[in-house]
Structures are given as C-alpha cells and as structure tokens.
Amino acid sequence: MKYALGIDIGGARIKALAVTPLGRKLAETATATGDDGKKNWIMNVRLAKSHIEQSLGCLPTWIGLAAPGLVANDQCSIRSMPGRLPGLEGLIWRKFLNSAGPVSVLNDAQAALAGEVWRGAARGAQNAILLTLGTGVGGAALVDGRLLRGHLGRAGHFGHISLDPAGGLDIAHTPGSLEDAIGECSIRSRSQGRFASTRALVTASNRNDPAARRIWLESVQALAAGIASLINVLDPKIVILGGGIAEAGPALFRPLNQYLTSFEWRPLRTRVAVVPARLGDFAGAFGAAWNALHFQK
C-alpha cells in the first residue's frame with residue numbers, strides 16, 4: 001500500500017496522519033510535543049511516525065513535515081527558528097527518520113493553508129489566504145495556485161503587518177501589529193490585566209459586559225482592517241481563519257463581517273468569503289502530506 005505520511009510539529013502537540021495520494025485519511029495520531037525547552041520533543045516525532053507505520057503495517061512511500069520557522073532553500077530542514085524547539089534548526093529529517101526517500105519540510109502555516117486548499121475549507125482554490133489566530137497571528141498565501149514563500153521564507157507572516165505606526169513594537173519589531181491587536185500574547189495588556197485569555201474575554205463579551213465588549217470589538221475591528229489590507233494586496237477568493245480564537249464562532253464572524261462591509265474594497269460587487277478552517281489541528285499534517293506528494297528533489 002502506498003501512502004503519504006504528514007507530520008505537523010506544534011508547540012503543544014505533534015500530529016501525524018497517513019493519507020492516500022488522493023487525500024483519503026487512513027490513520028492519524030497525536031501526542032504531546034514535550035518540553036519546548038529541551039530536545040526530547042524530537043523523539044516524539046519518531047514515535048508518531050512509528051505509531052502510524054505499526055497501525056498500517058507498512059512504511060510510508062512519501063513523508064512530509066511541517067514546523068514553525070524559515071525553511072531551508074532545499075526544503076529539507078528548518079534553517080531558522082530562534083527561541084523555540086531546540087534542535088530543530090538544521091536538523092535533516094530524512095536522516096533522523098531513517099527515510100529511504102526525501103522528507104520535504106514546509107512552514108507550519110503554509111502547510112495548514114495547503115491542507116485547507118487540498119481537503120478543507122478552500123478546496124480547489126487558486127487564490128487564498130490563511131490567518132491562524134492564537135497566541136500569535138500566523139498566516140500563509142496561495143497566489144495563482146502557488147504558495148508564497150518569498151526570498152527568505154518570511155512570506156505570510158501576516159501577524160507582523162502594521163496597523164498603527166505609532167504603536168508599540170511587537171516581537172518582530174513591527175509597530176502596532178495585527179498580532180498585538182488580537183493575539184492571545186497581548187490579551188492581558190489590552191484588557192489592563194482583567195482577562196488572562198481570549199476565551200474569557202469573549203465569554204464576558206457574550207454576557208454583555210460593556211468593557212469586555214469594547215475590548216473584543218476593537219480587536220475584531222483591527223482584524224478586519226488587516227484582512228481588508230491583505231485582500232487589496234493579494235486579491236484572494238477566500239480567507240480562512242484558523243487557530244483557537246477562530247473557534248469563537250459567531251462572536252467573531254458576525255462583527256468581523258460587519259466591519260468588512262465597511263472596509264473591504266468590492267469591485268464588481270464581489271466580496272471575499274471569510275470562513276473558518278475546516279481541518280482543525282490536522283490541517284498542517286494534511287498540508288505536509290500534500291507537500292510530500294508534490295515534492296521535487
């Protein structure tokens with residue numbers, strides 16, 4: 001049996017799945033990443049691979065891996081991911097996983113978009129944007145059927161676009177960034193210490209807490225401004241929102257669409273669809289498998 005193995009390394013969990021060349025899921029597994037500050041997380045990747053192989057009784061024909069960071073030019077490793085997942089930078093996955101064939105590597109956000117285009121919310125799209133809304137804000141873009149990577153692999157870091165040049169500098173030194181406007185990383189400062197999580201903020205907002213409602217709507221308004229700007233630059237047919245904050249459902253999408261009605265340029269009366277991601281935590285694993293199937297070494 002021929003199948004592709006896709007592995008997605010997240011900060012909390014490692015997800016792996018086996019799919020046929022047409023994308024039909026055969027098996028999946030997930031395990032805790034482990035201590036982000038130690039190298040023991042690497043062995044959990046090997047364990048996830050072994051679990052899939054044992055459940056199917058054979059080795060994968062193709063292997064793809066998704067991870068945070070900037071991908072090396074040969075797409076066989078991550079060349080830059082400072083401050084997280086020690087041992088990731090420069091690790092040659094084909095050697096570590098004892099693979100007879102190449103192991104293709106893709107940035108995790110780009111992999112998530114690839115997965116959603118292949119088997120998820122944007123199936124078959126040629127022009128699409130993904131925003132992952134969580135602790136930070138990540139993203140990726142598909143333009144005319146091609147994933148944008150850029151000169152150094154930075155393409156798609158939409159969380160680091162500037163919405164306010166007079167704002168404070170974010171982790172990438174961007175003033176007034178989209179990430180700081182809606183990411184979980186800034187929730188305490190945005191709420192003057194009242195809320196420790198976006199979930200708590202949204203819950204209070206849904207209960208008509210005036211202060212929580214104001215803070216939440218300001219965050220959603222900033223997101224709408226960011227999306228409208230990206231639409232003008234990349235002209236997507238669809239925008240996909242993933243990550244934990246996107247799970248807020250109507251509390252997010254209803255006001256977001258109201259703001260976009262004011263902000264979005266809609267020539268020919270055409271609006272861009274803004275939809276939730278469909279594949280959940282396994283979007284990156286699907287995308288990693290897709291990349292493996294299309295990898296040209």
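Student: E53, buried or exposed?

Tutor: E53 is buried, with a relative accessible area of 13%. Buried means under 20% relative accessible area, exposed means over 50%, and partly exposed is in between, using a 1.4 Å probe and protein chains only.

Student: What kind of model is this, and how are things counted?

Tutor: This is a predicted model, so local features need pLDDT of at least 70, side-chain atom pairs count only at pLDDT 80 or more, and totals for chains, interfaces and linings use all residues. Residues are numbered from 1 along each chain as its sequence is written, and side-chain values use heavy atoms, with hydrogens and water left out.

Student: OK. Where does E53 sit?

Tutor: E53 is in helix α1. Helices are DSSP runs of H or I with at least four residues, strands are runs of E with at least two, and both are numbered from the N terminus.

Student: Which residues does E53 touch, leaving out those up to four places away in sequence?

Tutor: Y3, C58, L59 and P60. Contact means heavy atoms within 4.5 Å.

Student: And which residue forms a salt bridge with E53?

Tutor: K49 does, and the closest N and O atoms are 2.4 Å apart. A salt bridge here is a side-chain nitrogen of Lys or Arg within 4 Å of a carboxyl oxygen of Asp or Glu.

Student: How many residues apart are K49 and E53?

Tutor: Four, about one turn of the helix. Both lie in α1, which covers residues 41-56.

Student: Is K49 buried or exposed?

Tutor: K49 is buried, at 10% relative accessibility. E53 is buried too, at 13%.

Student: How many salt bridges does the structure hold?

Tutor: Seven. Another one pairs E218 with R214, with 3.5 Å between the closest N and O atoms.

Student: Where do E218 and R214 lie?

Tutor: Both are in helix α7, residues 210-234. They are four residues apart, about one turn of the helix. E218 is partly exposed at 43% relative accessible area. R214 is partly exposed, also with a value of 43%.

Student: What about R266 and E264?

Tutor: Their side chains meet in a salt bridge, 3.1 Å from N to O. R266 is partly exposed at 23%, whereas E264 is buried at 8%.

Student: Switching to backbone. What is phi of L268?

Tutor: Near 60°, a positive value in a residue other than glycine. L268 is in the loop between α8 (250-263) and β12 (273-276). L268 is exposed, with a relative accessible area of 81%.

Student: And phi of R269?

Tutor: Near 55°, again a positive value in a residue other than glycine. R269 is in the loop between α8 and β12 and counts as exposed at 84%.

Student: Two serines next. Where is S186?

Tutor: S186 is in the loop between α4 (178-182) and α5 (187-190). S186 is buried, with a relative accessible area of 6%. Leaving out residues up to four places away in sequence, S186 touches E179, D180 and A181.

Student: And where is S229?

Tutor: In helix α7. S229 is partly exposed at 37% relative accessibility. The C-alpha atoms of S229 and F263 are separated by 8.8 Å, and these residues are 34 apart along the chain.

Student: Zoom out. How many helices and strands in the chain?

Tutor: Nine helices and 12 strands. The radius of gyration is 19 Å, close to the 19 Å that the globule rule gives for 297 residues, so the chain is as compact as a globular protein of that length. That radius is taken over C-alpha atoms, and the rule is 2.2 Å times the number of residues to the power 0.38.

Student: What box do the C-alpha atoms fill?

Tutor: Roughly 55 × 45 × 35 Å, along the principal axes.

Student: What share of the residues counts as buried?

Tutor: 50% of the 297 residues.

Student: And what share of contacts with a separation of 6 or more comes from residues 24 or more positions apart?

Tutor: 60%.
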